[in-house]
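Look at the structure first, then read the points by topic.

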Amino acid sequence: MNFEYSLAFAKDQDLADPLSGFRKDFLFPNQNGVPFIYLCGNSLGLQPKVAREVLEQQMSNWENLAVEGWFEGESPWMFYHKELKSLMAPIVGASPMEVCPMNTLTLNLHLLMVSFYKPQPGRFKIIMEAGAFPSDQYAIESQVRFHGYDPTDAIIEVSPRAGEYTLRTEDIVAKIAEAGAETALVLFAGINYFTGQWFDMEAITKAGHTVGAMVGFDLAHAAGNVPLSLHDWGVDFACWCSYKYQNSGPGGISGIFVHEKHFGDKTLNRFAGWWGYQEDQRFKMEKGFVPEAGADGWQVSCTQVMPMALYHASLKIFQKAGFMEGLRAKSESLTEYLIFAVNQVNIELGFVQFNIITPTEAIDRGAQVSIIAKEKGKEIFQQLVANNVLGDWREPNVIRLSPVPLYNSFEDVFRTAELMLKISKEIGL
Ligand SMILES: *Cc1c(COP(=O)(O)O)cnc(C)c1O
């Protein structure tokens, strides 16, 4: 696309944007009464206006029905998670049977590793990306230790080549092939939180399966951001949080995916709980765990109604927007415009002050752009916040900006770039 670096151009893009109306469905934080340009949906999505209403509704159900709420009312809590399944499925490219909302992300990563990381002597290695989100590193290390292995032997990290920030698919595939039959599990993020790189999930899945390993993904930064086809790619399992691109609120409910090819496998370990028990027999309260069919069989505790209600409300907005197709089309050009505008700022300054480390090709990224400022990065970031642009800072040196197609505009992007230029000049660059 031919972009222009001007407010008029940005405004024209917004006028032509079929999704621009969704912006008014969200609440923007403000500073001294001035709303922020919010570019932090990769960390915590904005509050949908309906969220409060939805919570109020459940508060009323609790008030008026109390324990009977489990079986009575418009949508009894006992079956409430089912209402989310058909809305979650198109977000990750799965059938409703293959997904279920439950718990929180890192916890689900543990539960799924209990099922899908079954190390044996000779096949106990886990291949993951170097620089994965710390929680994933800790979860994986502790799982390895739990099975009696040493993380330094068992975990193989794939690193960028010298002088590069992101991974090459060929290097990931080669590393998996090299570990070969020793590989028990390949576990990657869909999108790396720091660089914003969207990995070639299909190629990674294929490479893992070629050596007989299980393949799982943490989709914290991918779900609701990029289109996914977990079922068709043959991914074994995945989990995600819903509070980043899916706007379900702080600490929101997580989602899991288990491929249907595993549904009949009785050898899978599970850390079981009563809510994963066969649903129509659950209240017989009998001895001996029998899992419910599908992803629901991984549930442990009773339905977390409040966070699920928030996720449900947010998924309805995705549904109204036509799920990922239109959102992705807008996201691709919105982020491309950000990349273009940042490069324009560099041109104005006469040197590469803002080095974009996120891959610029749409196929290799989602909404997020990670930027290393050559000079005074932290100071510039603080100035952006002081001037009502809210992105985030990741140690040691990265500014992350994520224009989100549901509520960000081309004008947001242009104004952000203008501010980056103005601040850079003001601090004497
Ligand atoms: C955000 C994020 C988490 C957070 O995990 P919680 O259990 O929800 O606190 C974990 N992993 C990745 C890759 C993330 O991006």
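Helix H4 (residues 105-116) has twelve residues, which should span 16 Å at 1.5 Å a residue; its end C-alpha atoms are 16 Å apart, in agreement. The expected span is 1.5 Å times one less than the number of residues in the helix. Helices (H or I, at least four residues) and strands (E, at least two) are DSSP runs, numbered from the N terminus.

This is a predicted model, in which local features need pLDDT of at least 70 and side-chain atom pairs count only at pLDDT 80 or more, while totals for chains, interfaces and linings use all residues. Residues are numbered from 1 along each chain as its sequence is written, and side-chain values use heavy atoms, with hydrogens and water left out.

- Buried means under 20% relative accessible area, exposed over 50%, and partly exposed in between (1.4 Å probe, protein chains only).
- The buried set in H4 is Leu105, Asn108, Leu109, Leu111, Leu112, Met113, Val114, Ser115 and Phe116.
- Helix H5 (residues 134-146) has 13 residues. From first C-alpha to last it reaches 18 Å, close to the 18 Å expected at 1.5 Å a residue.
- Ser135, Asp136, Ala139, Ile140, Gln143 and Val144 are buried in H5. They lie on the same side of H5, because they cover an arc of only 165° around its axis. The arc is that of the directions from the helix axis to the C-beta atoms.
- Tyr138 and Arg145 are exposed, on the face of H5 turned away from its buried side.

**Ligand site**

- Around the ligand are Leu105, Thr106, Phe133, Asp136, Asp218, Ala220, His221, Tyr243 and Lys244. Each has a heavy atom within 4 Å of the ligand.
- By class, this shell has four nonpolar, two polar and three charged residues. Ala, Val, Leu, Ile, Met, Phe, Trp, Tyr, Cys and Pro count as nonpolar, Asp, Glu, Lys and Arg as charged, and the others, Gly among them, as polar.
- A side-chain N or O atom of Thr106 is 2.6 Å from a ligand oxygen. A polar contact is a pair of N or O atoms within 3.5 Å; within protein, one must be able to donate a hydrogen and the other to accept it, and residues adjacent in sequence count only if both atoms are side-chain atoms.
- The side chain of Asp218 places an N or O atom 3.1 Å from a ligand nitrogen.
- His221 has a polar side-chain atom 3.2 Å from a ligand oxygen.
- Taken alone, the ligand exposes 390 Å², and the protein buries 84% of that. Accessible areas come from the Shrake-Rupley method with a 1.4 Å probe; for residues, only the protein chains shown count as cover.

**Backbone exceptions**

- Most residues other than glycine have a negative phi, and most peptide bonds are trans.
- Lys376 is not a glycine, yet has a positive phi of about 50°. It sits in the loop between strand E14 (369-373) and helix H12 (377-386). Its relative accessibility is 42%, so Lys376 counts as partly exposed.
- Asn388 also has a positive phi, near 70°. Its loop runs between H12 and strand E15 (389-390). Asn388 is buried, at 12% relative accessible area.
- The Glu395 to Pro396 peptide bond is cis, with omega near 5°. Pro396 is in the loop between strand E16 (392-394) and strand E17 (398-401).

**A buried loop threonine**

- Thr358 lies in the loop between strand E13 (354-356) and E14. Thr358 is buried, with a relative accessible area of 2%.
- A polar side-chain atom of Thr358 is 2.7 Å from the backbone oxygen of Thr195.
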